[in-house]
Amino acid sequence: MSSDRGIVATGAFVPHLRLDGDEIEAAWGTSAPVERAAVPAADEDALTMAVAAGRDAIESSRFEASAVDHLAIATTTPPLEEEEFGPRAVAALGLEADSTLATATQSTVAGADALRSAARADGPALAVVADAPTGDPGEAGQRVGAGAAAFLFAADGAVVLSDAATRSRDAPGIRFRESGSETVDGLDITTYERETIRDLVSVAVDALDVPADAVTAVALHQPTADIPHRIAKALSYDAETVTRGTLVDEVGDAGAATPALGLLAAIDASEPSSHVVAGCFGSGASATALAFEVRASIQTGLSAALDAGVDVPYAQALRERGTIGETEVAGGGAHVSLPSWQRSIPQRYRLEAGQCPDCGAVAFPPEGACPDCHERVTFESVSLPRSGEIVAATVIGQGGAPPEFVPQQRRDGPFGVAIVEASAAGDSARFPVQLTDCDLDDVSVGDRVEARFRRIYSVEGVTRYGLKFAPE
Amino acid sequence: MTDAYIIGAGQSDFGSFPGESYRSLFDDAFDEAVASVDGDFDTDSIDEAFLGTLGVGGRQLGLSGPAVTEHLGLHGIPTTRVENACAASGYALRQAVMAVRSGMADVALAGGYEVMTDMSGDHTKWWLGVSGETEWERLSGTTFAGVYAQMASAYMREYGATTEDLSRVAVKNHANGAQNPHAQLGFECSLEDAMNAPDVAAPLNLYHCCPTTDGASAALVASEEVARELSDAPVRVAGAGAASGRVGLFQRESLTGIPASETAARRAYDEADIGPDDLDFAEVHDCFAIAELAAYEDLGFCDRGEAPRLLREGVTDPDGDLPVNTSGGLKSKGHPIGATGTGQAVEAFSQLRGEAHVQVDGANVGLTHNVGGSGGGVTVHVFERADGGAR
């Protein structure tokens, strides 16, 4: 590992929907464990958030996606209990198929593993930590949030991983999810939990070779805002240094992603020549501490991700998360077989179109005869831009959705559907899209919209992902 | 080549009939068609049948055509089931006309049937989305209301049309359908009602959308020789135009009209050697209000953007220059997908024989316009009184 290898760009993603703590208090009559929580919409999950943050990091860097040849993803909430989701992220981000993949999961310490994996790799490597835990609405569900942070490692890093330390202990029951369950649980044995977390994290952090007085911010395990401060009592960092790396009151308990987002906040708050520390914890239990040397400042994109959001009422938050409103739908999904869907992934993830070599018309999808000259040609590949103009639009209300979209509509309400026109290679092409992350009253023909990677629908247990569009 | 004539046409009631099957509904249509033949018609003289259906619900998806003709006792005749979504029986009629014109059949049965109201809402919508472009358009989350609503959004943007313009289609067609005993929604509606109904897919509200319907329709197509023998007032198929288009709205050049309608109309007018000015009435495919507006323009009744004016000025009212959808149209009469095309021919047959419920004075030439999906397949037929109006 070159000593100069480090983080060259970062990305952040926080779901558009936010639940204010006041809503939680009104619903439960008790004080809310977090001030605010991000709510993943019905079409979001750890994969879509990972792709959004990963794309943000790549676009903030000098690298093309195809130059990134290692992808490390961490989450406690993979979309399926068994099946790789890394290949979907590779395809959605536009990485090459020979990229190496590393997945870290099963505990909130996973983010540290992904960061170390990308730091150790050769060549440009992306670490993405994305998480969207759910909990019983009366317990962990009161604090759960969501979000994703991405770190692109390459030579000449602005933020260099200088040391790492891990400690573990056979101490279960603090934060776990039983097989077959979707909700995180804990035995709530307060002293046992706090001591285990504090001991493991502080010992790991203490083991780092880092000048403590040069550390300007630390991002510690943070299921709630008080825990990092409790950990710090066993360390030499003051409250302000801890607060700089604590974000849980803005995004909620986003599992593995909260300390990763906290690390972005810590980097944001640090000048060149300072140091930042991350201290991740996972029940079971283990802690991994990471020390970073900040050599140059980085635009993390964190504040933009935090600012872009709209408040939703408590019941909507429950619906969006699928806590209520889940439904089985008669009639099944559209007859688009998995193989035919799979063949169209370059179009569905990356808007790959074709240009007619004879007349220059752009075809989307690039198949069949040319849409303009009607000749049977072999299209030359062109990519449509990820933004375009709405040329026709409607709102599909309750009762108007094809059955495969009924579960989403139950959770997310009416959705907009538009035909978008995008220009490429001197021509333009149109394609139908679903709209997301928008107030439907504010969207009309003539508006500009941009692509977002989202869940489209699930059928026979398989979720199909693709691009939806939101106002630019 | 002989000309083809309609010597009989009929339909079942259109509506929701839990007690009926697609076969029993077709019985009603067939009986009415046979009864409408002036002379003594022997059903054994039917040489061949072409029956349209989408197959909503997936009931007898294979071989439903033969199942119908065998049920009717038309034992052994060749029967072809025709599928072109909502234009299925427009195309079935075209096939029957071709069979007669070619001389392969002296009498051909054209018809269609659909049962749409005997399943759950989700199941119905599954089927209402199978004739849009499946891989992209439907998977953006649309059924047909959504696709036509997109068309409406583009049309309103381009030409400044309003909800009131869309609603006038419902008011006119309901006024006509209220006179049609076969109509599913045979009641009148006010402009206020039609403008203020709940949205189905904005900008289209409930009154801008046709219902789902059970029903069947049939037409007996015969050679000139048979027509002269059996009919006092046969109706000549003067022009049979048809055209295909890209199945998805997003794939087509125009978002505000249906190019295949334009092409099919031109072919039908050319064959009949007439123009839109020669028409006395038309039955157009008003599955959604925007579709009737687009049809006026695609069929050459007016210039682009002028359709709202035609409605406002009453040009397409029964007493206007070019009455449209005197049957009530799909909006009021109902839209049993596979039965709609020949259902329109039933109205044209009645008009040209002076037997319509909303009769257009001096009707000599009429047109029917049947659209599959949002414009992937279209038929346009021009019909004429064979007696030159001297019955």
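Predicted model: local features only at pLDDT ≥ 70, side-chain atom pairs only at ≥ 80, totals over all residues.
User: How many helices and strands does chain A contain?

Analyst: The secondary structure of chain A consists of 14 helices and 22 strands. Chain A has a radius of gyration of 23 Å, close to the 23 Å that the globule rule gives for 472 residues, so chain A is as compact as a globular protein of that length. Along the principal axes, its C-alpha atoms fill a box of roughly 75 × 55 × 35 Å.

User: What percentage of the residues in chain A is buried?

Analyst: A residue is called buried when its relative accessible area is under 20%. In chain A, buried residues account for 57% of the 472 residues.

User: Which residues gather in the patch of negative charge on the surface?

Analyst: Patch members need over 30% relative accessible area and no salt bridge, and like charges are joined within 9 Å. Here the negative patch brings together D136(A), E139(A), E178(A), D185(A) and D188(A). One of these, E178(A), sits in the loop between β9 (159-171) and β10 (183-184) of chain A. Its relative accessible area is 56%, so E178(A) counts as exposed.

User: Which residues form the nonpolar patch on the surface?

Analyst: For nonpolar side chains, the joining distance is within 5 Å. The patch consists of L187(A), I189(A) and Y192(A), which together have about 270 Å² of accessible area.

User: Where does I189(A) lie, and is I189(A) buried or partly exposed?

Analyst: I189(A) is found in the loop between β10 and α5 (190-206) of chain A. With a relative accessible area of 42%, I189(A) is partly exposed.

Note on methods:
Residues numbered from 1 in each chain as written. Chains lettered and ligands numbered in written order. Heavy atoms only, no water. Areas by Shrake-Rupley, 256 points an atom, 1.4 Å probe, with all protein chains shown as cover. Salt bridge = Lys/Arg side-chain N within 4 Å of Asp/Glu carboxyl O. Lys, Arg positive; Asp, Glu negative; His and termini not counted. Charge placed at Lys NZ, Arg CZ, Asp CG, Glu CD. Helix = DSSP H or I, 4+ residues; strand = E, 2+ residues; numbered from the N terminus. Buried < 20%, exposed > 50% of the residue type's maximum accessible area, 1.4 Å probe, protein only. Rg over C-alpha atoms; globule rule 2.2 N^0.38 Å.
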